There are 2 protein chains.
Amino acid sequence: MAASKAGQHHQHETNTPSDNLPLVLIHRIPQFDLSYKSWLPATKFRLLDPLDQSFSSTPSAQTLAQSARLLLCLGPSPLTQHTLDRYPSIECVVGSSAGLDHLDLSDCRRRGITVTNAGDAFSDDVADFSVALLLDVLRRVSASNRYVRAGSWPVKGDYPLGSKLGGKQIGIVGLGSIGSRIATRLEAFGCSIAYNSRKKKPHVPFPYYENVHDLATNSDVLIICCALTNETHHMINKDIMTALGKEGVIVNVGRGALIDEKELVQFLVRGDIGGAGLDVYENEPVVPRELFGLDNVVLSPHRAVATTDAILALHKVVIANLDAFFSNKPLVSPVELE
Amino acid sequence: MAASKAGQHHQHETNTPSDNLPLVLIHRIPQFDLSYKSWLPATKFRLLDPLDQSFSSTPSAQTLAQSARLLLCLGPSPLTQHTLDRYPSIECVVGSSAGLDHLDLSDCRRRGITVTNAGDAFSDDVADFSVALLLDVLRRVSASNRYVRAGSWPVKGDYPLGSKLGGKQIGIVGLGSIGSRIATRLEAFGCSIAYNSRKKKPHVPFPYYENVHDLATNSDVLIICCALTNETHHMINKDIMTALGKEGVIVNVGRGALIDEKELVQFLVRGDIGGAGLDVYENEPVVPRELFGLDNVVLSPHRAVATTDAILALHKVVIANLDAFFSNKPLVSPVELE
């Protein structure tokens, strides 16, 4: 009786209004919190975070987690098979990044779990940033800015000439929502566009190259904005860089491991390619120090997605996916699981 | 007889094939030579340069200069009334820069001298560079590049968010061949364009503001790309910067003195405007040192025109103007002298 009473008492205490709300299981590593409590409305969703202090000390919370149908993965927090084993009721993983290489997509497919990503929330900003990196490498904005700030202009005279963007042959690797926006922007600068992707896209006016090697051979610039998968890991290797040639420029806003970074560093240090604009690296936040002294390289700290507007757009798309899932409507930004 | 013979002998010696070629009087200050001897064909033009050592020691060269009908002004070499007084036969001044604030245009008009500028040779490159500066200020490319190179990323964590370019209200001051190209590019990024110029342009779809103050009030960004004249000197003053507001960004690819530089520095240091991308300064190559520590400022050393392609395009337009003048055809890039 006493035990039963205590149980009832406990149930009464935790039976708050949020108990009836749709349950969102949060998945994150400590550094990716995205301040979710500030923008996910606690009036609409019951948020359950295994990293919350109360979680491990509350057996009912752990039982509840096992009944969760939806998992919200914050940022690029790695989501392993092991984690999914612990939450057998998960039907949908809502992601909050453009790339999903931190998820095991084929495992999700096997389990019948649907997955969403950031959709178009970041696409404009990443496309803008890609153009910014390319312009910076060609026109030496950052490097000449350093030159001015070092006081060199009055002492050493004119900074060397840059290279014109207009007329350049641009090879886009991955013509998705980001790549197609990069194409629109660069056409306005008078560039010619060609692309590589898994399949030729219907209704796209640009020349398609079935392999990246041929695209590189025919391009002045390669812009890498495809997904990182087993197939695309180190896709930009020694052969591709050789095909791109001594004047060629690489811009990477996808993932660091799309490029064989050690080779890229060697090519840049030896001057075997013309330059690079890099926002992503194989071992972030570590950036190869050999690049720090090079003026034909622009190094940004994974900031292509990072604007206030993009963050707000991400919040919108995440909430829209949660709403859609819990009302049995089509998800807003589902990912094709091949 | 002996004197006459000597005279004949002298005439014979200097009567080279080039004597019959059209005479081009070079005007330059020592630092602006533009390597003209490497690209002006000596087989087509007789080049007379008062800075050549032989010039001052050859009385016939000085006499010849007075008969020159065309003067080629290299770079922004100041061309004063005093210089033109010395060359009374000049009918045409061929310029080799986009801006002509180093010439006294009203004096040229009074003398009936026609003037040409660089035409469209630089327009694409200056437009590209303006977009590069704007993207850099908004998305913090140079600043985050410094952050990476300083080794701060692994130590201090994520670099702060930037601001989205798309959706920004852009005010273009001077919708000429450069300004209109900036508009085309920024429309592809999803920006809204408005402009100020001396007169409303026919067939231009963008809102026109008769004064810069109203344009600034209604803009997130001001891009300055008009000519420097008595009327536009310090056009961007305290009032305009106040109207632009605390989040506003200024990009200047025109001339330094279009902006009251001392005020601009104060506004930036106090945080009373949001940022600036500056390619030109009032007292080049001197750049105000107060700006060197600011991360919301991008400082390039007058490089908006500086690509190999633009230089080749300039050579073409200069030679085309020379050809046109000497064959009595319409000049390729005449400047309207109001």
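Chain A holds an open sheet of six strands in the order 7-6-8-9-10-11, with parallel pairing. Two strands count as paired if DSSP finds at least two bridges between them. Helices (H or I, at least four residues) and strands (E, at least two) are DSSP runs, numbered from the N terminus. Strand 7 (192–196) and strand 11 (297–299) of chain A stand at the edges; each has a single partner strand, so one side of each is left without a neighbour in the sheet. On average, neighbouring strands of this sheet are turned by 15° against each other, direction ignored. For such angles, axes are lines fitted to C-alpha atoms, for helices over the stretch in contact, and angles run from 0 to 180 degrees between N-to-C directions.

This is a predicted model, in which local features need pLDDT of at least 70 and side-chain atom pairs count only at pLDDT 80 or more, while totals for chains, interfaces and linings use all residues. Residues are numbered from 1 along each chain as its sequence is written, chains are lettered from A and ligands numbered from 1 in the order in which they are written, and side-chain values use heavy atoms, with hydrogens and water left out.

Within the sheet of chain A, strand 8 (residues 221–224) runs parallel to strand 9 (residues 249–252), and four bridges join them. In this pair, A:Val221 stands opposite A:Val249 of strand 9 of chain A. Strands of a sheet pair through backbone hydrogen bonds, either parallel or antiparallel.

Chain B also has an open sheet of six strands, ordered 7-6-8-9-10-11 and paired in parallel. Its edge strands are strand 7 (192–196) and strand 11 of chain B, each pairing on one side only. From one strand to the next, the twist averages 15°. Strand 8 (residues 221–224) and strand 9 (residues 249–252) of chain B pair in the parallel sense over four bridges, and B:Ile224 stands opposite B:Asn252 in strand 9 of chain B. Helix 10 of chain B packs on the sheet and touches strand 6 (169–173), strand 7 and strand 8 of chain B; the direction of the helix makes about 170° with that of strand 6 of chain B. Contact here means heavy atoms within 4.5 Å.

How many residues does each chain bring to the contact between chain B and chain A? Chain B gives 56 residues and chain A gives 56 residues. Together the chains bury about 4,700 Å², 60% of it on carbon and sulfur atoms. Buried area is the accessible area (1.4 Å probe) that two parts lose on being put together, summed over both. B:Arg139, B:Arg149 and B:Trp153 supply 18% of the area that chain B buries against chain A, more than any other three residues.

Six salt bridges are counted between chain B and chain A, a salt bridge being a side-chain nitrogen of Lys or Arg within 4 Å of a carboxyl oxygen of Asp or Glu. B:Lys164 forms a salt bridge with A:Asp125, with the closest N and O atoms 3.0 Å apart. Elements that give two or more residues to the side of chain B that touches chain A include helix 7 (123–139), helix 8 (141–149) and helix 14 (308–326) of chain B. Helix 7 of chain B gives the largest share of that side, 10 residues.

Over all chains the count comes to 36 salt bridges. One joins the side chains of A:Arg181 and A:Asp120 (3.5 Å, N to O). The two residues are 61 residues apart: A:Arg181 is in helix 10 (residues 177–188) of chain A, and A:Asp120 is in the loop between strand 5 (114–116) and helix 7 (123–139) of chain A.

Some backbone geometry remains. Most residues other than glycine have a negative phi, and most peptide bonds are trans. The peptide bond from A:Glu284 to A:Pro285 is cis, with omega near 5°, and A:Pro285 is found in the loop between strand 10 (275–278) and strand 11 of chain A. In chain B, a cis peptide bond joins B:Glu284 and B:Pro285, with omega about 5°. A:Ser35 has a positive phi, near 45°, and is placed in the loop between strand 1 (23–27) and helix 2 (36–39) of chain A.
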